[in-house]
Amino acid sequence: MQLFLTSPKAAQQLVEWNIALLLGKCLQVDSDPRVSSVAIRFLGSSIVSNGGTAVWQLLNSEGTVTQWVVQNADSPHVLVRLSCLYFARKVAQVGDAAAEKLLSALDYPRLILRRLLDASFFVVGEACRLLGELFCRNGGVADPELCALVERLVSKPVETQSSQRKVAVLAAIEALYVAQGNARAFVVRLFTLDRLQSYLFDVDRTVRDRALDVLEHELVQSELVSVAELVCMLEKKIRNSGDRRTSALVTLRCLSAAVKRALENPNTDCAIVSEQCLCIAQSALAHLQGIKSSTMSAAAPAGLAEIDSNIRELLAGTTDPALHATANAIVCESARIVREFCKHTFDQPTVTALLGLLEEVRVQRNPLLLQLILDALIHALRLANKIAGPSHLHAVPELIANFAIGSTGLKSLYALALEVISDAQSKDAELHRFILAVARSAGMRLVDVEWEARDTTLELIAAATTTLDWDQAHVLVGGLIDDIVVAVNDTEEYVRASASQALVAIVSRADNTFVQQMVIHQGLGRNGLEQLINDSEAFVKRAALDLVYAIGNRCTDAIKSTEWVRSVSYEKLYQLADDPDFEVRVRCARLAALLVTRQYFGHNNDHEYLCNLQSSTILLYMCGDTSRYVRGVCLESLTLLKKRFEVNSAKADASTHSRHQDKRRQTDKQLDDSESLYNKLCEVDFGRLEASLSPEHLYQEALDTQVEKELMKESHDPNVGNNILDCY
């Protein structure tokens, strides 16, 4: 249904269907709450879609939907509460008098307060989004009722608040920090560092983590221009907390926010700020490396050396059980500081130190720390590329070949490698060596024991082939074909699919000589392709059919191969035409259309086998498919075939010589087959077939779709979403 809303005339169609009455049936007393919640979310999305004002007017005049939202805003079912908040937020975006009336009926200040205290994390998040939407909706002016609500929420003494209320307070504050208008100024004035301090040192870790996020927002948007001044001010506020562990974390988060704010502030002196931030970054690196002696220079900003020594003392004392549990958090916060620094400043000693850290076992065993250090390195190397180009990026292939780096980090490294290749000003020997080095490292990851790394590498190959010039892509993938073909038979289905898609990209972009070498590869012969098409997983079948189609599309006079044709049979095509997965059927229809074209208009030595496939019969049969996407492929293919027959017939009628040539080239049976197919094409009702592709047919398909029983399995727990939350 969300796809339906992308149609330009979707809102008009909804009004014509009287969507309020149609979906109102889902809001009856005995309706399943999960169905009702989906219906409300759809209606909320529809009123802000293209032309959605008409839908909102219909819903408001009819009244059933708006009354249901008001009555069920406090439903015991979490999905219903969530959908009512979502609907209210979309109504707020409309902003007319009727919208204000509904919000008043909901008593939105008290509704938001109740939902901020909700037991569901999802509901609290939606309440925060509604708060941000409503706070400054009147031309940027803060809503007085919401101002009073937030002030009451914050004014209650921290020691009397439950952990749930503390999280609600911090969630509301964070939502206002990112809101538009005067919300940010209001919250900065209301929720000072003095108020935040108690939350930062709370006994509940959830509260402390949320408070650290708020702290970062507050510090980044501080108007102080001196990093040192900011750090000194914060240190005075937290020095006497008594909790050394939390004090270290707060201090480090302060430093991270200070570096981020200073480097992103266009009004600061870049040279001075960079020097100050470098001192902080060097200190944080020292924390990561476990160095006990201070590395602060004599020119370090006032207050930083003292903070640095305090944190080093904490790290040195991690044998203390009270501090040992916090050591991991301390080094991660230190890594965040270095990451913020590397986003804006390139420093070779910092890069060298980070590369050394990646080789340490303690870092490799800490996934979060490993990712933070890798992120910092990638930011630094990206800046190095802008400064000096590929000549200073030998570390990128080395990092790709580091098996300690998982698929998430590998994706970032591959993206950086592609960026370097694409941005290169000239295709010189240095770039060529860089591409070869990346290719060698990628080849190593294709045999990684972790399937995610193999899958990510194959995705890189497909992306590189699609986005780079073929000359560059050839250098990258030319020596990896054997490994890619081997991956087609991988034990992991996702790897098989990615390998097939990589081959599709290569076949589609490569020059004729390279494709000719590929299509005669033993692994891409009849048996290999047939095995891939027979895969048990639907998404692998899709990729397999894409590969067969891509090979067939390239196999013309310049590229000779019949293996792709013989990888399918008449029986297999019919099985694929009735496959439960509609995307498999789409690809089957497309392949059948290609086979028909080669049978009647191609120059090939496999005409008899093509005739036995009866692909034209299958293509006509699929015109009655239940999916409009399959019918769309059939309509397009049959229309082109009919036009091509007519063009050839006109040419033959205009030239007797051509007619005699055609007769010599084709047997009487071939001519009869062509006439028979053309007559069948003339009987197809193309107008009716085209009409069946309209958006309302898609909507009807959605209504007719049979939902798996397991998905809609009943539960006695009103707060269990039964997989439906995944849709949100």
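Which helices are included in what covers the buried residues of α27? In the predicted model examined here, local features require pLDDT of at least 70 and side-chain atom pairs count only at pLDDT 80 or more, whereas totals for chains, interfaces and linings use all residues. Residues are numbered from 1 along each chain as its sequence is written, and side-chain values use heavy atoms, with hydrogens and water left out.

The protein contains 42 helices and zero strands, where helices (H or I, at least four residues) and strands (E, at least two) are DSSP runs numbered from the N terminus. Of its 728 residues, 51% are buried, buried denoting under 20% relative accessible area, exposed over 50% and partly exposed the range in between (1.4 Å probe, protein chains only). Among contacts (heavy atoms within 4.5 Å) with a separation of 6 or more, 70% are accounted for by residues 24 or more positions apart.

In helix α27 (residues 470-477), the buried residues are W470, Q472, A473, L476 and V477. Viewed down the axis of α27, these residues fall within an arc of 155°, so they line one face of the helix; the arc is that of the directions from the helix axis to the C-beta atoms. The cover of the buried residues of α27 includes α24 (407-423), α25 (429-445), α26, α28 (481-487), α29 and α30 (512-519).

Helix α26 (residues 451-467) and helix α29 (residues 493-509) meet at an angle of about 15°, with their axes 8 Å apart. Axes are lines fitted to C-alpha atoms, for helices over the stretch in contact, and angles run from 0 to 180 degrees between N-to-C directions. The two helices α26 and α29 are therefore roughly parallel (angles under 35 degrees; over 145 is roughly antiparallel, 65 to 115 roughly perpendicular and the rest oblique). The contact involves W451, R454, D455, L458, E459, I461, A462, T465, T466 and T467 of α26, together with Y494, V495, S498, A499, Q501, A502, A505, I506 and R509 of α29. By class, the contact of α26 with α29 comprises 10 nonpolar, five polar and four charged residues; Ala, Val, Leu, Ile, Met, Phe, Trp, Tyr, Cys and Pro count as nonpolar, Asp, Glu, Lys and Arg as charged, and the others, Gly among them, as polar.

Helix α12 (residues 183-190) has A183, F186, V187 and L190 as its buried residues. These cover an arc of only 90° around the axis, which puts them on the same side of α12. The buried residues of α12 pack against α9 (121-135), α10 (144-155), α11 (163-177) and α13 (193-200).
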